[in-house]
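Biologist: I am new to reading protein models. Could we go through one together, feature by feature?

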Amino acid sequence: MDANGARELSKRLDAQAHWRQATAVQTGEQPTSDPDVQDLDELGEGVRRYGIETQHTTVEGRPALVTHRLCKRLRDGRWDATLDVERIDYLEDNVAS
């Protein structure tokens, strides 16, 4: 195994160990491996952050591009998923006056 392969294996093992710290994973209430691991970007204390997505939507009645990130936080022994807003870019209204 080369150095890159060893780093990737170490990263995967760390991510799996991090996931298994949840009591719900250990007791079988949540999956034994993270179903979103392929999008995992960052591990932190009690948090897992995944890739970003941008959607065209309406915010406060205005058209906008909203960039959000899936995050999972360890709460009461379970991984709880949320979509955290990273950024909102308001678009110009193309309405003629």
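Biologist: Let me begin with one side chain. Is Glu8 buried, partly exposed or exposed?

Modeller: Glu8 is partly exposed, because its relative accessible area is 35%, and partly exposed lies between the 20% limit for buried and the 50% limit for exposed. Please keep in mind that this is a predicted model.

Biologist: Which residue forms a salt bridge with Glu8?

Modeller: The general idea comes before the case. Side chains of opposite charge can pair when their charged atoms come close. Here, Arg12 is the partner of Glu8, and their closest N and O atoms are 3.2 Å apart. Arg12 is exposed, with a relative accessible area of 58%.

Biologist: How far apart are Arg12 and Glu8 along helix α1?

Modeller: They are four residues apart in helix α1, so about one helical turn separates them.

Biologist: Which residues of α1 are buried?

Modeller: Ala15, His18 and Trp19 are the buried residues in α1. Looking down the axis of α1, you would find its buried residues within an arc of 100°, so they line one face of the helix. On the face turned away from that buried side, α1 carries the exposed residues Leu13 and Ala17.

Biologist: Back to charges. How many salt bridges does the count come to?

Modeller: The count comes to 11 salt bridges. Let us follow Arg69, whose side chain meets that of Asp41 in a salt bridge at 3.2 Å, N to O. This pair links distant parts of the chain: Asp41 sits in strand β1 and Arg69 in strand β3, 28 residues apart.

Biologist: Is Arg69 buried or exposed?

Modeller: Arg69 counts as buried, because its relative accessibility is 13% and buried means under 20%. The side chain of Arg69 also meets that of Glu86 in a salt bridge, again with a value of 3.2 Å from N to O. Distant parts of the chain are linked here as well, with Glu86 in strand β4 and Arg69 in strand β3, 17 residues apart. Glu86 is partly exposed, at a relative accessible area of 37%.

Biologist: Which residues do salt bridges with shared partners join into one network?

Modeller: The network is made of Asp41, Glu42, Arg49, Arg69 and Glu86.

Biologist: Which element gives the largest share of the lining?

Modeller: That is α1, which contributes six residues to the lining of the largest pocket.

Biologist: How many residues of that lining are nonpolar, polar and charged?

Modeller: Five are nonpolar, three are polar and seven are charged.

Methods:
Residues numbered from 1 in each chain as written. Predicted model: local features only at pLDDT ≥ 70, side-chain atom pairs only at ≥ 80, totals over all residues. Heavy atoms only, no water. Helix = DSSP H or I, 4+ residues; strand = E, 2+ residues; numbered from the N terminus. Nonpolar A, V, L, I, M, F, W, Y, C, P; charged D, E, K, R; others polar. Salt bridge = Lys/Arg side-chain N within 4 Å of Asp/Glu carboxyl O. Buried < 20%, exposed > 50% of the residue type's maximum accessible area, 1.4 Å probe, protein only. Arc of directions from axis to C-beta.
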